[in-house]
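Let's take a walk through this structure together. Have a look at it first, and then we'll go through it piece by piece.

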Amino acid sequence: MILYYVSTYVSLIASVLFILALRGLSSAKTSVNGNRFGMAGIALALLGTQIPVYFANLDINLSSALTTILIVAVLGGVIGYIIAKKINMTSLPQLLAGFHSLVGLAAVFISLASFFCIYGTQSTNYDSIRALEMVLGATIGAITFTGSVVAFGKLQGIISGKPWRFKGQRQINILLGCCLIALIIAFVIKQTPELLIQTTILSLVIGYLLIMPIGGADMPVVISMLNSYSGWATVGIGFSANNTLLVIVGALVGTSGAILSHIMCKGMNRTLVKVIFGSFSSQNESSNTHDEQSHRNVKLCSPEDAGFILQNANSVIIVPGYGMAVAQAQHVIKELADELKSRDVSVKYAIHPVAGRMPGHMNVLLAEANIPYEDVFELDDINHEFGQTDIAIVIGANDITNPAAKDDPASPIYGMPVLDVEKAKTVLFIKRSLGSGYAGIENQLFYRENTMMILGDAKKVCDNLIKELKDR
Amino acid sequence: MLLTIFVLACFVGYYVVLKVTPALHAPLMSVTNAISSVIIVAAISYVFVAIIGNSRNVDLCSWLGLGAVFLTAINIVGGFMITKRMLSMFAGKKTQNKEK
């Protein structure tokens, strides 16, 4: 009985530690401590739940099981450690998608284990609520798993980032959704292993079909959505294992992912339903017709010209996008900024909420290059400043700067909040080609009077710009 | 009872996460990923339950449990490590600026 109370209090303390871990992220200063709170929380949770086992009945069987568990856990831990140490910061979105898939798969395993532990013993039947919780844990876990694997493949470039669509996709998804509900109900009533496995397999298929049609530009939403799912899967397991701690943690993670998805959707002016069922599908034809008439009036500009313009500037705002991450240009950008700063030019960075492939992607990369926190601004904080700025340098960003979102109601991205780069006196647009962005939409900015295009790899172009500046 | 706790925890999560600065959204995702692997606790307990309860499916149950322990262990260590790496980049700059 005492042991029961010990483990209750331990999970209470662990929950508080987890909340503090998230709370710490409200500022960079407190965040490092926050992470420590999180680690302490996991450690406590592990000790707390195992205490009853240690004291209650430590026979030979159990201690050998404990050793096996420890070996497996340490093995996993070492692998996790190596991955986290070795990974390049540019691959962060893939890494997180991969991690989410692991949580999903683990949730499936645990739900199946919880069923087969009891199945076939004296108490053959669960009450229906527990059966429901169990099957929900497996379902959400399975969807998270395949969904994350697809997201990983798309981010890594193994699977094409282009949306994969076919006729009647929506109908098939709805049909499969109905089948899933029917299977869940059937399992709750009959509770046979076959039904549980069928439900899990169907969920795996649905996870795959759900994420395949989603394009690369929508990845920030997808990743935060999967983040949220992994939380709800944890909740499902917490309910079926009757574990308060898991329910609390799952709720924290689930809401966190949901809030992030909401912020990302707002950043793109799209609803979650539109992201999943797609509304960029029809724009391919329209952008093709644009192509015919539009290779007019693009001002290409050489690094020398750009160097000259930069030399005479007083204020510069840099707008990074996914292209910067691909070219790994963040360190060169920092050098360029330092060079400009040494000439008393004010340099700021403007970050759009959905720049890159995951929430906060750009911030991490800029931080990696040691770019000061105070120079980096969010959309709402800097948008009014473009009017008083000499040069806006857009590096590898596209849709998030497209003025069509403001003045062309026919554009698929109309209404999306964008950075007002065109209000700067001159826009230097560094881009690999004149192609359209991930959303497949022409950027009207290319044809504006004050836009100068520099075509090329972001890193090389920045290198050239630094050289040009230094020569002057 | 659990349902009450669940709903309250959702509210706590909502208000806490709203306070997170957008600049730290990436570490937020990796840390939530790490802590959601707290399900390792359930995985371990099912391995034990299978053995103590003399379940008919001891083997299947312990393999599933051990598989989950392995996956979540990768996640816990990996998740916290990558968060630490990211945060040290944000925090590292702070001290540099003070020196300037």
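How much area do chain B and chain A bury between them? Keep in mind that this is a predicted model. The two chains bury about 8,200 Å² between them, and 81% of that is on carbon and sulfur atoms.

**Where the chains meet**

On the chain A side, 102 residues take part in the contact, while chain B brings 81 residues. Now for the polar side of things.

The biggest giver is α4(B), with 33 residues. If you sort the residues on the side of chain B that touches chain A, you get 56 nonpolar, 19 polar and six charged.

**Chain B by itself**

Of its 100 residues, 61% count as buried. Now take the contacts in chain B between residues at least 6 apart in sequence: 76% of them join residues at least 24 apart.

**A core and a buried histidine**

Over to the nonpolar residues. The largest nonpolar core has 185 residues, and the members that touch the most others are A:V319 and A:I393. Who does A:V319 touch, leaving aside its neighbours within four places in sequence? Its contacts include A:I393, along with A:F386, A:V394, A:I395, A:I400 and A:L419.

Two of those names, A:I400 and A:L419, come back when you look at A:H352. Leaving aside neighbours within four places in sequence, A:H352 is in contact with A:G267, A:L379, A:I400, A:M416, A:P417, A:V418 and A:L419. This histidine sits in the loop between β2 (346-351) and α15 of chain A. Is A:H352 buried or exposed? With a relative accessible area of 1%, A:H352 counts as buried, because that value is under 20%.

**Loop residues side by side**

| Residue | Relative accessible area | Class |
|---|---|---|
| A:Q191 | 5% | buried |
| A:H352 | 1% | buried |
| A:N370 | 31% | partly exposed |
| A:K423 | 49% | partly exposed |

A:Q191 is in the loop between α6 (169-190) and α7 (193-211) of chain A. Its phi is near 55 degrees, which is a positive value in a residue other than glycine. A:N370 also has a positive phi, near 65 degrees, and is not a glycine either. You'll find A:N370 in the loop between α15 (361-368) and β3 (376-378) of chain A.

Finally, A:K423 lies in the loop between α17 (404-407) and β5 (426-431) of chain A. Why does A:K423 count as partly exposed? Because its relative accessibility is 49%, between the 20% and 50% cut-offs. Leaving aside its neighbours within four places in sequence, A:K423 is in contact with A:F386 and A:G387. A:K423 and A:D390 are 33 residues apart in sequence, and their C-alpha atoms are 9.4 Å apart in space.

Technical notes
Residues are numbered from 1 along each chain as its sequence is written. Chains are lettered from A and ligands numbered from 1 in the order in which they are written. This is a predicted model: local features need pLDDT of at least 70, side-chain atom pairs count only at pLDDT 80 or more; totals for chains, interfaces and linings use all residues. Side-chain values use heavy atoms; hydrogens and water are left out. Contact means heavy atoms within 4.5 Å. Buried area is the accessible area (1.4 Å probe) that two parts lose on being put together, summed over both. Helices (H or I, at least four residues) and strands (E, at least two) are DSSP runs, numbered from the N terminus. Ala, Val, Leu, Ile, Met, Phe, Trp, Tyr, Cys and Pro count as nonpolar, Asp, Glu, Lys and Arg as charged, and the others, Gly among them, as polar. A nonpolar core is a set of buried Ala, Val, Leu, Ile, Met, Phe, Trp, Tyr and Cys residues joined through side-chain atoms within 4.5 Å. Buried means under 20% relative accessible area, exposed over 50%, partly exposed in between (1.4 Å probe, protein chains only).
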